[in-house]
Amino acid sequence: MQLVSFQLAKEEYGIEITRVQEIILMGEITRVPQTPIFIKGLINLRNTVIPIVDLRLRFGLQEQEPSDETRIMVMNVGGKTVGIVVDAVSEVLRISKDQISNPPPTVAGLGREYLTGLVKLEKRLLILLDIDKILGKADAEKLEAIAG
């Protein structure tokens, strides 16, 4: 299994590489009124308008000004193309299934439902995310409505 690892508020996360279409630099985002706070707006990516979600805001973290490291991960969620803003993209990792463990039951609260597991690497843990759960059905419908 291959993962794309990325940073968000000093934590390291991973998403299956098959979900990621491309990784692009942060560019100009057109704001859309009356959308949830975590929907940053829209971008035009090679004549395709795609909605942009700030993963920090989706997780209830503090908003941060984009840096040189900030990236947009373009991925397919529920048959729709969506951009996810992350603090930095780290690397592509090849892992085996035995490196993945279930999240401990003590991990409670915001975000637990988004986790599919923890990846044990040599000196660190990577939080494995389920992008479909992060952007649930209601969110997907909102994204579809603003992107047309």
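This is a predicted model: local features need pLDDT of at least 70, side-chain atom pairs count only at pLDDT 80 or more; totals for chains, interfaces and linings use all residues.
Residues are numbered from 1 along each chain as its sequence is written. Local features need pLDDT of at least 70, side-chain atom pairs count only at pLDDT 80 or more, while totals for chains, interfaces and linings use all residues, and side-chain values use heavy atoms, without hydrogens and water.

**Exercise 1.** State how many helices and strands the protein chain has, and their order.

*Solution.* Helices (H or I, at least four residues) and strands (E, at least two) are DSSP runs, numbered from the N terminus. The protein chain has three helices and eleven strands. From the N terminus, their order is β-β-β-β-β-α-β-β-β-β-β-β-α-α.

**Exercise 2.** Classify the aromatic pairs of the model.

*Solution.* Rings of Phe, Tyr and Trp (its six-membered ring) pair if their centres lie within 6.5 Å; planes under 30 degrees apart are stacked, over 60 edge-to-face, and the rest tilted. Tyr 13 belongs to strand β2 (residues 11-16) and Phe 59 to the loop between α1 (55-58) and β6 (71-77), so the pair ties together parts 46 residues apart in sequence.

**Exercise 3.** Determine whether Tyr 13 and Phe 59 are buried or exposed.

*Solution.* Buried means under 20% relative accessible area, exposed over 50%, and partly exposed in between (1.4 Å probe, protein chains only). Tyr 13, at 9%, is buried. Phe 59, at 11%, is also buried.
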